[in-house]
Amino acid sequence: MSSETLIYIILAGIIALLLSLFQYFKKEKSMSKLSMLFSFLRFLTIFSILLLLINPNFDQITLSIEKPNLVVAIDNSNSTSFLKQDEKVKNFIETLSKNENLNNKFNLNFYTFGETLKTLDSLTFSEKQTNVYDALNKLSEIYKQTIAPALLITDGNQTYGNDYEFSYSEYKHPIYSIILGDTVTHTDLKIQQLNVNKYAFLKNKFPVEAILVYNGNINIESKFIVTRGNTTVFSEVVNFSKSNNSKLVNFTLPASAVGVSSYKATLVSIKNEKNTINNSKNFAIEVIDQKTKVAIVSDFLHPDLGVLKKSIESNEQRSVTFLNPKEIEGEINDFQLVILYQPNSKFKNIFSILNEENKNVFIIEGSKTDLNFLNSINKNYQHEITQQTEDYQAELNSNYTPFIIDDINFESFPPLRSNYGYVNFSIPFESILNKSIRGVSTNEPLLVTFEINGRREAVLFGENIWQWRAQSFINSKSFNQFDDFIGKLVQYLASTKRRHRLNLEYDSFYNGSTNIVIKAQFFDKNYEFDTRESLSITVVDEATKKTKTLPLILNTNNYQVDLSSLSPSRYSFTVRTGNENISKSGQFEILEYNVEQQFLNANVTKLQQLATNSKGTDYFIDKTDGLINDLLTDNRYTSIQKSNKNSLPLIDWKYLLAIIASSLTAEWFLRKYRGLI
């Protein structure tokens, strides 16, 4: 309370006292007890009212004790049970949760992690992937402002994600590695890795590379065999020793039939080998009978050209050729799609040939595009020419319908340089991306597609798309999302198939450890995406003939269903509409492979290094007797007393109103009783 407010309160008391004395003692020569009571009640009333007018603030201080957090992160992946550590983990968690001293000192918070971090619900040890880095990264966000040592209970065998060994730089608290497994070296043969392309072309041979690893001390001989069904298509004798403990086997296999071909690679096990699951790996390849050829035509060099080539050729079904405007004229029929990069008057003959051949085309405009030329040769849209450029960011149009577009965080991408001015279309078009300036939508198209007379065309009104691929890698640590986006656009433009009302998106085969999601789009008779329809999928296991019917869930601009629970086999499926008699069928195969069952030991070195660097300690799950005592006696983890200061205005104190009402009521009744009213 300020000194100024205190002076006002004193003045209020003096004024209230003078007013009460003036009313009750001005005609009295001596003070009776009754007059003193009336004077006191009137003083109380006036002083309380003046206090409300002054409305001073009073500080209220509350004290609280904040205990440190103890974060317990448990590896819930399949490798925990495969290494026979699941019961030990459950017993250890029960010991922690029931320890009274530990609960008195810490707030215990339990989490599980596999593919992602979750609050502990139940321990199933069934997750098919392990990402330790992701778990520690998310915990660092949750416990950024508190004391939170972490118990990391895992075998340390990460199947994907960034290296977690240096995660201590992000998680600013001690990490105690609780190591599941042992350091005993077991004699083991395994197929470390199989490198094979996803696609091959009919009547060609495709290469396969196998990395074979041996862990042992004696010289051994084994045999590497590749089979397709019951037929052996390749075999080779391999020898290993303690010093020569790895082999690189390269070979080729024929692509003799269109479709998905499945193979099994096996490294014949040796006597007393503990883990034989990692001796075999399945792989598959899809054989196609032609390659999509794309021509990129440009009059000058630009980084966008290289990025387009990399993104398009990330799918081995496609090849890209760079040509100048003169070279393409006699070769247009060799390509399924022609990309014209920032065309000018030198492209005049190309446009004439494309129109005559009714070829699909993708036009990319930029600061060097001759808009006067485009306006003169193109009748589908006209540019407003201002001789100015502007930087526009992308905004996804979730209502785009010709094919499924996933949001790859377009709004985070750097702006593209585009010509300033309106573009007026004379034909119907659909916008994939719209322009925005500093987060404000302009409702102007940035990337559009349209179909006319059986010809498909796309226009990107901006250059420097190479920056998008770089930003996509920063966002997701991979080029895949951006390359898939460009791949879908090229697939749509390179195709001349008639548009269907029900479209499906799926892969021909999946590895057993990956998510299996089938997406679908359904359009009404005007080819507008229909969100009212109910879609279902019937999946048939071709080996057991068992069927399963599931609904597809609406997700923004598509329907999708997650089939990750299916076991490895070959499946056929049919997607049907609920209200109309429309269906579409397909086939896919799930390859048998569990990455979590490829390990024999815990990754002790990395877990020990993580604990040491973070100023924690490592323990094997069988030797955790001293852990609880170490946590209880560590002076770094002490409770903190916090004070919370609240400034409360007097007007919020309801009792003051009760005092005013009570004093006025008491004065009135006493005066009435004495006959003074």
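This briefing walks through selected strands, helices and single residues of the model above. The model is predicted, so to speak of local features takes a pLDDT of at least 70 and side-chain atom pairs count only at pLDDT 80 or more, while totals for chains, interfaces and linings use all residues. Residues are numbered from 1 along each chain as its sequence is written, and side-chain values use heavy atoms, with hydrogens and water left out.

**The five-stranded sheet**

- Five strands make an open sheet with mixed pairing, in the order E8-E14-E13-E10-E11. Strands here are DSSP runs (E, at least two residues), helices are runs of H or I with at least four, and both are numbered from the N terminus.
- Strand E8 (199-201) and strand E11 (231-240) sit at the edges, each pairing on one side only. To count as a pair, two strands need at least two bridges found by DSSP.
- On average, neighbouring strands of this sheet are turned by 25° against each other, direction ignored.
- Inside the sheet, strand E10 (residues 220-228) and strand E13 (residues 259-267) run antiparallel and are joined by four bridges. Ile-225 has Thr-266 in E13 as its bridge partner.

- How many of the residues of strand E25 (residues 455-461) are buried? Seven of the seven are, so E25 is largely enclosed by the rest of the structure. Buried means under 20% relative accessible area, exposed means over 50%, and partly exposed is in between (1.4 Å probe, protein chains only).
- In a regular strand, side chains alternate between the two faces of the sheet.
- In E25, Arg-455, Glu-457, Val-459 and Phe-461 point one way, Arg-456, Ala-458 and Leu-460 point the other way, and all are buried.
- E18 pairs with E25 in the parallel sense over five bridges, and Ile-363 stands opposite Val-459.
- Strand E24 (residues 440-452) pairs with E25 in the antiparallel sense over six bridges. Here Val-448 stands opposite Val-459.
- E24 and E25 form a hairpin with two residues between them, and Asn-453 in the turn has a positive phi of about 55°.

**The H8-E18 loop**

- Asn-360 is found in the loop between helix H8 (348-357) and strand E18 (361-365). It is buried, at a relative accessible area of 4%.
- What does the side chain of Asn-360 reach at 2.4 Å? That would be the backbone oxygen of Leu-493. A polar atom of the Asn-360 side chain also lies 2.9 Å from the backbone nitrogen of Arg-456.
- Polar contacts are pairs of N or O atoms within 3.5 Å; within protein, one must be able to donate a hydrogen and the other to accept it, and residues adjacent in sequence count only if both atoms are side-chain atoms.
- Thr-321 is 39 residues from Asn-360 along the chain, and their C-alpha atoms are separated by 16 Å.
- Asn-358 lies in the H8-E18 loop too. Its phi is near 55°, a positive value in a residue other than glycine, and at 34% relative accessibility Asn-358 is partly exposed.

**Another positive phi**

- Most residues other than glycine have a negative phi.
- Lys-545 has a positive phi, near 65°. Its place is in the loop between strand E29 (535-541) and strand E30 (547-551), where Lys-545 is exposed with a relative accessible area of 59%.

**Helices H7 and H11**

- The axes of helix H7 (residues 303-313) and helix H11 (residues 480-494) come within 8 Å and cross at roughly 80°. Axes are lines fitted to C-alpha atoms, for helices over the stretch in contact, with angles from 0 to 180 degrees between N-to-C directions.
- H7 and H11 are therefore roughly perpendicular to each other; that label covers 65 to 115 degrees, with under 35 roughly parallel, over 145 roughly antiparallel and the rest oblique.
- Val-307, Ser-311 and Ile-312 of H7 make the contact with Phe-482, Asp-483, Ile-486 and Val-490 of H11. Contact means heavy atoms within 4.5 Å.

**Two buried strand residues**

- Ser-177, in strand E6 (residues 175-179), is buried with a relative accessible area of 0%. Leaving aside neighbours within four places in sequence, Ser-177 is in contact with Leu-152, Leu-607, Ala-611, Thr-617, Asp-618 and Tyr-619.
- Asn-69, in strand E2 (residues 69-75), is buried at 13% relative accessible area. Its side chain makes a polar contact with the side chain of Thr-146 (3.4 Å).
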